[in-house]
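I set out to look up a few features of this model and to record each one in turn. The coordinates were opened first.

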Amino acid sequence: MKPSNLIELPSNRALVLNNVTCPYCGVVLDENNNTKEHVIGRRFVPKGSLNRCWNLIIRACERCNSHKSHLEDDISAITLSSKMWFGLNSQDDELTKEVTRKVKKSFSNKTGKPVLQSQEKITFEVPFAPGITFTFNMLSPPQIESERLYELARMQLMAFFYLITFNKETKRGGFWLEGFHPLSYAHHGDWGNFLHKSFMAAVFEWEPRWKSITADGFFRSIIRRHPDAECWSWAVEWNKNYRVIGFFGSRDAAQEIANCFDEPNMTTIKTGKNAHFRFRSDVKLSEEDDLLFVWNEKA
């Protein structure tokens, strides 16, 4: 059973929107700033994965189009290569070749180096007893700056919201009121963490207004409407490796929901007068518990 308000999408071709304002900044488009924009960047997902798959093509101003393209470059390389850093190699030889090429040619915005060379060494010292200190060295895979990660998610969601509110007569879409409230992001090995599971449970019964799975599963997105408030939940999944979740609209409604989320299960290493060291382990998500992109037929 499909929700009545869930927008219909073509499954094997792009949807072209002949809009007259930029979905990202709202500026009126003219011949000097009008550019073609693929909301799911063709180079953001694996090469060829969008062939005969759905995408949204819009008109956007040159400034926003360029900004989004810059965000997509290293975020694509890092999200595509995420499993490689954890020793989980792909069985797809062509995908492995593409990932290898991307991590060499795409530069991390955080380090200024190629993604391949952007692993980060973290060193911290933990006082154990008088005169005794433990030193820990950790090597992390390339990281995405959270503000850039949330900015790309925001732009993608703005385009989808613009589509579901699009007026064919005026050739304009809408913008959500109040703010954009990102909550968290996680790599594939931590999709079952306390925050993501609490979020899934909290919004599962909300009415789905948008859902897309495309690019051979390398791009997923969903928007659900709060039953009583001007608030929407959203989630995107990039390259089968990264998930980003949050809300837009009423901050009060979003905060009320977030206040009910479970607390993380943290392990304390050492607590002192001037230092506090805690950590938690990654939590995998089983397929049967994965409700993020599943709509409740009763919603």
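**Basis.** I worked from a predicted model, in which local features need pLDDT of at least 70 and side-chain atom pairs count only at pLDDT 80 or more, while totals for chains, interfaces and linings use all residues. Residues are numbered from 1 along each chain as its sequence is written, and side-chain values use heavy atoms, with hydrogens and water left out.

**Overall make-up.** I found five helices and twelve strands in the protein; these are DSSP runs numbered from the N terminus (helices H or I, at least four residues; strands E, at least two). Of the 299 residues, 46% count as buried, that is, under 20% relative accessible area, with exposed meaning over 50% and partly exposed in between (1.4 Å probe, protein chains only). I also looked up contacts (heavy atoms within 4.5 Å): among those between residues at least 6 apart in sequence, 66% join residues at least 24 apart.

**Helix α5.** Which residues of helix α5 (residues 251-258) are buried? They are A253, A254 and I257. These residues lie on the same side of α5 because they cover an arc of only 100° around the axis, taken from the directions from the helix axis to the C-beta atoms. On the other side of α5, I noted D252 and E256 as exposed. The cover over the buried residues of α5 includes β6 (179-187), α4 (194-203), β9 (231-238) and β10 (242-249).

**Two loop residues.** A215 is in the loop between β7 (207-214) and β8 (219-225), and its phi is near 55°, a positive value in a residue other than glycine. A215 counts as buried because its relative accessibility is 0%. N239 is in the loop between β9 and β10; its phi is likewise positive, near 55°. N239 is buried, with a relative accessible area of 2%.

**Cysteines.** I searched the whole structure for disulfides (a pair of cysteine sulfur atoms within 2.5 Å) and found zero. C231 counts as buried at 0% relative accessibility, whereas C260 counts as exposed at 63%.
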